[in-house]
Amino acid sequence: MEFLRFLASFFLLLLPILSILFLTQKASKPKRQPSPISLPRSYPVIGSFFAVLANSNRRLQWLSDILQLSPSATYVLHRNFATLQVLTANPDVVQHILKTHFHNYGKGANFQLTFKDFLGQGIFNVDGEPWKFQRQVASHEFNTKSLRKFVEIVVDTELFDRLIPILSSAARTGTVLDFQDILQRFAFDNVCKIAFGFDPAYLLPSLPQTNFAQAFEESVAISSERFNAAIPFPIVWKIKKLLNIGSEKRLRIAISEVRKFAKNIIREKKHELREKASLDSVDLLSRFLSSGLSDENFVTDIVISFILAGRDTTSAALTWYFWLLSKNPHVESEVFKEIKEKSEAPIYDEVKDMVYTHASLCESMRLYPPVATDSKVAVNDDVLPDGTVVKKGTRVTYIPYAMGRSETLWGPDWAEFKPERWLKSEEAENRQWKFVGRDVYTYPVFQAGPRICLGKEMSFLQMKRVVAGVVRLFKVVPAVGEGVEPECVQVLTSKMKGGFPVRIVERDDVNR
Ligand code: HEM
């Protein structure tokens with residue numbers, strides 16, 4: 001124990017020393033502001049540590065700048081202790097790692113270890129057979145029949161019984177809402193119903209702080225802090241974990257709360273399945289239990305990964321979408337026009353048919369992809385299509401955020417929010433819009449290849465249903481000062497820093 005305390009003190013001492021070094025380096029050159037678009041300098045042993053630290057509060061923008069300067073949109077970043085990380089915004093490289101050389105790129109030992117306490121053997125944290133098994137069983141949850149049920153029962157109930165009444169009340173009273181929080185609660189209720197067949201009732205007018213949701217939030221935040229720490233010494237969190245102090249103590253408590261909660265539901269579900277000959281609910285948990293899986297820990301891991309998959313992704317996408325809509329009234333009025341043509345509670349086929357709204361969501365994710373960066377680790381030595389040499393164990397990170405902002409990929413008007421870039425007008429068919437997708441390697445917002453997001457179609461249906469329900473009745477008006485731009489931060493998914501304060505205004509231009 002004494003030795004561990006010594007180690008902890010050593011590394012905790014190292015942090016201020018490095019920070020002082022960094023600050024003195026900055027202070028000695030007061031007039032030379034680092035250019036936001038210059039390639040990072042690298043030093044022996046510490047690599048580009050100073051540049052990483054200096055840009056830690058604008059990480060995504062910085063990585064995008066680096067890739068913009070790199071001729072093949074691929075750059076080798078020197079991390080500490082001679083570790084290399086390949087960054088890329090090159091569609092050929094993305095195709096190489098996600099599809100053509102899929103078997104050579106896995107989650108990597110560091111990622112798996114960092115997330116093991118929270119995700120265990122869940123789909124997000126495994127490769128090989130455990131991944132194949134989970135993907136295969138889960139894929140049934142995403143067939144057309146299940147998706148239809150999801151939209152018409154789960155999403156509609158949450159929308160009409162919870163979201164719209166809360167927005168109506170806020171419109172009447174003029175209350176400012178944190179729309180990001182509201183959308184996260186909405187998505188959390190929905191995904192728990194799909195994963196467990198259980199309703200946590202997190203989106204209620206009182207905005208309750210339920211233990212499970214809070215513990216889940218804390219587990220995500222601290223696990224991703226472990227991974228994204230600007231000072232990249234995993235030994236720091238490992239020692240804190242051993243000593244059970246600080247954030248690691250909080251993480252342990254949060255994870256045990258999440259697992260205790262999940263296990264109770266699993267036991268209830270097992271009981272239900274024993275009592276009934278056939279399944280009336282077809283949630284994911286029932287599917288896994290009916291597949292003969294008996295290991296309670298493994299089932300818990302599986303369910304946690306699915307909640308994570310569905311919780312923050314759609315809510316992040318919708319948060320940025322409503323922000324962009326408020327800044328682009330012409331797009332909002334086109335979306336409204338399309339929605340008005342549908343029935344008040346558009347049925348599954350109508351939601352599928354909302355082509356302009358679909359394009360506007362794709363466009364919003366282009367600029368604010370919910371998973372802004374994603375990494376794979378090379379199993380063996382390799383050479384990427386642009387000639388970059390990759391040694392076994394190297395992390396290759398593709399950056400959808402940078403790709404969506406690339407002039408090469410999207411043209412000189414890349415900064416414009418323009419759903420039309422995803423649409424073709426069909427003159428012969430009464431000027432109906434037709435959706436024109438981009439190839440998945442240029443737009444890997446849902447990843448691509450064998451591990452492409454399982455919930456892609458489900459999330460579009462959910463998002464379009466929410467947009468239809470909200471935009472038909474309300475305008476969402478940001479309650480921020482003139483000219484204030486929200487900051488995009490990554491807590492596994494892209495969040496709006498500090499939340500998204502809005503006022504809700506009832507529309508007067510809809511015949512209800
Ligand atoms: C806008 C919404 C969404 C986006 C942008 C998105 C994006 C992604 C991305 C980038 C991955 C790859 C992660 C990785 O392995 O590194 C992924 C995987 C996955 N997503 Fe989604 N996702 C969304 C919504 C959903 C929803 C609603 C569900 C289901 C509840 C879901 C289920 C999954 C699953 C199960 C995987 C793992 C696939 C595998 O490893 O084979 N996603 N998603």
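Me: Which residues of helix α10 are buried?
Reply: Val236, Trp237 and Ile239, in a helix that spans residues 234-243. Buried has a cut-off: 20 or more other C-beta atoms within 10 Å of the residue's own, with C-beta atoms placed from the backbone. This is a predicted model, where local features need pLDDT of at least 70, side-chain atom pairs count only at pLDDT 80 or more, and totals for chains, interfaces and linings use all residues. Residues are numbered from 1 along each chain as its sequence is written.

Me: What puts these three on the same side of α10?
Reply: Their arc. They cover only 160° around the axis, so they share a side of α10. The arc is taken from the directions that run from the helix axis to the C-beta atoms. Just after α10 comes Asn244, with a positive phi of about 55°.

Me: Why is Cys453 called partly exposed?
Reply: Cys453 has 18 other C-beta atoms within 10 Å. Exposed means 12 or fewer and buried means 20 or more, so a count in between is partly exposed. Cys453 is therefore partly exposed.

Me: Where does Cys453 lie, and what does UniProt place there?
Reply: Cys453 is in the loop between β10 (432-435) and α19 (456-473). Helices (H or I, at least four residues) and strands (E, at least two) are DSSP runs, numbered from the N terminus. An unreviewed UniProt entry places the feature "binding site" at Cys453. Such annotations may be inferred rather than shown by experiment.

Me: Which residues is Cys453 in contact with, leaving aside neighbours within four places in sequence?
Reply: Phe446 and Gln447. Contact means that the C-beta atoms, placed from the backbone, lie within 7 Å.

Me: What makes β1 and β3 edge strands?
Reply: The open sheet has five strands in the order β1-β2-β8-β5-β3, with mixed pairing. β1 (74-78) and β3 (105-106) each pair on one side only. Two strands pair if DSSP finds at least two bridges between them.

Me: How do you know that β3 and β5 pair?
Reply: They have two bridges, in the antiparallel sense. At least two are needed, so they pair. Gly106 is bridged to Val377 in β5. β5 and β8 are also antiparallel, over four bridges. There, Asp374 has Tyr398 of β8 as its bridge partner.

Me: Which helix packs on the sheet, and at what angle to β8?
Reply: α4 (residues 91-100), at about 125° to β8 (395-398). Axes are lines fitted to C-alpha atoms, for helices over the stretch in contact, and angles run from 0 to 180 degrees between N-to-C directions. α4 touches β1, β2, β3, β5 and β8.

Notes
Two residues are in contact if their C-beta atoms, placed from the backbone, lie within 7 Å.
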